[in-house]
Amino acid sequence: MSIMLYLDNAATTVRKPRSVYEAVIRAMVSGSGNAGRGANKLSIGSVKTIIEAQEAAAELFNVKNENNIIFTQNATYALNMVILGTLGAKDNVLITQMEHNSVLRPAVLHGNYTIAAADKYGYVHPSEFRKRIGDHTKLTVCTHISNVCGTKQPVNDAAKAAHNAGALFMADCSQSAGAETVDMEKMDADFIACAGHKGLMGPMGTGILCIRDPDKIRAVITGGTGSDSQSLKQPEYMPDKFHSGTMNIPAIAGLKEGIRFVLREGAENIGAYEKMLSRALREKLENMRGVRVYGKSDSGITAFDVDGYGSEEIGELLGENIIVRCGYHCAPLAHKALGTYDGGLVRVSFGYFNRRRDVCNFADALYKILKNI
Ligand SMILES: Cc1ncc(COP(=O)(O)O)c(C=O)c1O
């Protein structure tokens with residue numbers, strides 16, 4: 001049986017630190033009560049897990065008030081909560097061509113949106129934000145690192161343009177959290193949304209939303225919080241305002257350990273290692289006939305296509321033991337910018353647990369395929 005080569009860490013990190021597995025198992029086996037539902041020790045233990053996870057995330061993202069950190073079931077929920085919870089009918093949301101469907105679709109659902117264009121490297125020039133922002137722009141959303149080609153966006157410029165126009169700014173840090181400095185203050189973001197199951201190495205079914213000013217966002221999901229239960233109105237205080245329904249305590253316990261791992265290792269060190277692997281692969285691919293690499297090598301993502309072949313065809317030829325992501329990566333407009341709307345891209349994404357030999361093994365496998373087609 002061949003060994004599996006997992007190179008799809010931009011989708012989710014399959015391998016996690018041992019402490020993450022242990023925390024999930026502990027939370028399941030020793031019993032997790034329903035957080036905020038009752039004063040019993042199991043319930044209180046679950047509240048403690050949430051608070052500790054908030055503290056870890058606050059440290060990682062430099063969020064001043066850890067109560068303003070919300071746990072969601074993925075990045076998609078966090079992004080939707082902000083887009084649908086900040087805009088009124090007449091408000092415009094400025095997004096970029098590089099956004100994931102988790103931003104594109106709620107913006108389209110809202111209906112009043114503008115798109116800042118990206119160049120052929122998948123980069124949205126700062127002037128695009130300044131140019132596209134209008135009197136009705138209430139919110140700007142920009143991905144920090146493109147999930148398609150790994151290009152890093154000028155989020156500080158996007159935040160500045162938004163604030164100069166009196167708009168709010170949200171960074172989608174799904175690809176950068178855990179592999180880049182993501183600092184709410186330095187970024188001057190009003191909201192940071194990210195997945196918990198990618199670079200933060202938490203379990204699937206986790207996402208994070210950091211909120212600067214909870215008064216600037218309505219709760220679009222309301223329900224039981226275990227607090228003020230006789231009131232028919234959603235609590236306005238944090239985090240209850242956005243924590244409706246039973247929380248996924250085993251997953252949050254795992255995420256807490258994933259974030260602690262990132263804090264110990266250093267997000268910049270993790271990112272530097274992944275970039276090193278990605279650049280080594282890029283160099284090899286650029287020397288293969290018919291292969292074109294996209295983006296700017298700003299992250300652990302290397303995206304390429306092969307002349308005359310669709311990305312899915314290459315994926316099939318790579319076989320089931322080499323796990324990469326082919327196609328459109330839920331970001332169709334990004335492919336229009338890159339010129340790959342017809343056929344998509346093969347995306348190789350490295351994680352902290354990949355080794356240098358994985359670069360060689362992938363390049364060798366691709367080389368053999370290309371020799372035979
Ligand atoms: C940039 C970006 N934003 C949002 C998402 C959505 O993340 P999730 O699947 O956790 O909702 C992804 C997932 O790949 C992503 O890459």
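## Domain organisation

In this predicted model, the domain assignment divides the protein into domain 1, formed by residues 5-15 + 267-372, and domain 2, formed by residues 18-265. The C-alpha centres of the two domains are 27 Å apart. Their contact involves 32 residues of domain 1 and 33 residues of domain 2.

On the side of domain 1 that touches domain 2, at least two residues come from each of α9 (267-286), β10, α11 (332-338) and β13. Helix α9 contributes the most to this side, namely seven residues. Sorted by class, this side of domain 1 holds 13 nonpolar, 13 polar and six charged residues.

## The largest nonpolar core

The largest nonpolar core has 111 residues, and those that touch the most other members are Val82, Met170, Ile192, Ala193, Leu209 and Cys210. Helix α8 (residues 249-265) provides the largest share of this core, with eight residues. Both domains take part: at least three residues of the core come from domain 1 (5-15 + 267-372) and at least three from domain 2 (18-265).

Beyond its neighbours within four places in sequence, Met170 is in contact with Val82, Leu139, Val141, Ala189, Asp190, Phe191 and Ala193. Val82 and Ala193, like Met170, are among the core members with the most contacts to other members.

## Ligand surroundings

The shell around the ligand consists of 13 residues, of which Asn74, Ala75, Thr76, Asn147 and Ser174 come nearest. By class, this shell contains three nonpolar, nine polar and one charged residue.

## Helix α10 and its cover

Helix α10 spans residues 311-318, and its buried residues are Ser311, Ile314, Gly315 and Leu318.

After α10 comes Gly319, which has a positive phi near 90°.

Leu5 belongs to strand β1 (residues 5-6). Leu5 has 19 other C-beta atoms within 10 Å and is therefore partly exposed, since a buried residue requires 20 or more. Although Leu5 and Glu320 are 315 residues apart along the chain, their C-alpha atoms are separated by 9.3 Å. Leaving out residues up to four places away in sequence, Leu5 touches Asn321, Ile322, Ile323, Asp358, Asn361 and Phe362.

Lys152 is located in the loop between β5 (137-143) and α6 (155-164). Lys152 counts as partly exposed because it has 19 C-beta neighbours inside 10 Å. Apart from residues up to four places away in sequence, Lys152 touches His144, Ile145, Asp298 and Ser299.

## Backbone geometry in loops

Most residues other than glycine have a negative phi, and most peptide bonds are trans. The peptide bond between Met238 and Pro239 is cis, with omega about -5°. Pro239 is placed in the loop between β8 (207-211) and α8.

Asp188, a residue other than glycine, has a positive phi near 55°. Asp188 is found in the loop between α7 (184-187) and β7 (191-195), and is partly exposed because 17 other C-beta atoms lie within 10 Å. Ser297 is not a glycine either, yet its phi is positive at about 55°. Ser297 lies in the loop between β9 (291-294) and β10. With 20 C-beta neighbours inside 10 Å, Ser297 is counted as buried, because the limit for a buried residue is 20 or more.

Conventions. Residues are numbered from 1 along each chain as its sequence is written. This is a predicted model: local features need pLDDT of at least 70, side-chain atom pairs count only at pLDDT 80 or more; totals for chains, interfaces and linings use all residues. A residue is near a molecule or strand if its C-beta atom, placed from the backbone, lies within 6 Å of it. Ala, Val, Leu, Ile, Met, Phe, Trp, Tyr, Cys and Pro count as nonpolar, Asp, Glu, Lys and Arg as charged, and the others, Gly among them, as polar. A residue is buried if 20 or more other C-beta atoms lie within 10 Å of its own, exposed if 12 or fewer, and partly exposed in between; C-beta atoms are placed from the backbone. Helices (H or I, at least four residues) and strands (E, at least two) are DSSP runs, numbered from the N terminus. Domain bounds come from an automatic or database domain assignment. Two residues are in contact if their C-beta atoms, placed from the backbone, lie within 7 Å. A nonpolar core is a set of buried Ala, Val, Leu, Ile, Met, Phe, Trp, Tyr and Cys residues joined through C-beta atoms within 7 Å.
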